[in-house]
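The paragraphs below lead through one structure, beginning with a pair of packed elements and moving on to the chain as a whole and its charged pairs. Please keep the sequence and the model in view while reading.

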Amino acid sequence: MSSQAEPDGDPWNKEKKQKFENKSKSEFFDPCQEAAARSIRCLNRNGGDRQMCTDYFEAYRACKKEWVTKRKKEGGGLIWGSS
């Protein structure tokens, strides 16, 4: 099961960074959406049993943590923008 919960590589690659920077302020963008979707699918598949999906939750948390860290290093400020 843990192989399915692996993150999709870099959550803040050039393509996702460009999409994030060019979106409108009212548009929501989450570079970790794939990991989030896998978590939801796991919950649905297992009748809401969170214990069965811990690998997916950990993969999502790791993705978000990496994304936020990279945004901070680049001077992106808050996730929602610094303006």
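**Helix packing and charged pairs**

H2 and H3 pack with their axes 9 Å apart and at an angle of about 165 degrees, where axes are lines fitted to C-alpha atoms, for helices over the stretch in contact, and angles run from 0 to 180 degrees between N-to-C directions. That angle makes H2 roughly antiparallel to H3, a label given to angles over 145 degrees. The crossing of H2 and H3 is left-handed, meaning that the near helix is turned anticlockwise from the far one by less than a right angle. On the H2 side the contact (heavy atoms within 4.5 Å) is made by Ala 35, Ala 36, Arg 38, Ser 39, Cys 42, Leu 43 and Arg 45, and on the H3 side by Tyr 56, Phe 57 and Tyr 60.

The model is a predicted one, in which local features need pLDDT of at least 70 and side-chain atom pairs count only at pLDDT 80 or more, while totals for chains, interfaces and linings use all residues. Residues are numbered from 1 along each chain as its sequence is written, and side-chain values use heavy atoms, with hydrogens and water left out.

The protein chain holds three helices and zero strands, helices being DSSP runs of H or I of at least four residues and strands runs of E of at least two, numbered from the N terminus. Of its 83 residues, 27% count as buried, that is, under 20% relative accessible area, with exposed meaning over 50% and partly exposed in between (1.4 Å probe, protein chains only). Among contacts in the protein chain between residues at least 6 apart in sequence, 54% join residues at least 24 apart.

Two salt bridges are present in the structure, each defined by a side-chain nitrogen of Lys or Arg within 4 Å of a carboxyl oxygen of Asp or Glu. In one of them, Asp 30 pairs with Lys 64, and the closest N and O atoms are 3.1 Å apart. Asp 30 lies in the loop between helix H1 (14-22) and helix H2 (33-45), whereas Lys 64 belongs to helix H3 (residues 54-73), so the pair ties together parts that are 34 residues apart in sequence. Asp 30 counts as buried at 9% relative accessibility, while Lys 64 is partly exposed, with a relative accessible area of 22%.

A salt bridge also joins the side chains of Glu 66 and Lys 70, at 3.4 Å from N to O. Glu 66 and Lys 70 are separated by about one helical turn because they stand four residues apart in helix H3. Glu 66 is partly exposed at a relative accessible area of 32%, and Lys 70 likewise counts as partly exposed, at 25%.

Notes. Parallel < 35°, antiparallel > 145°, perpendicular 65-115°, else oblique.
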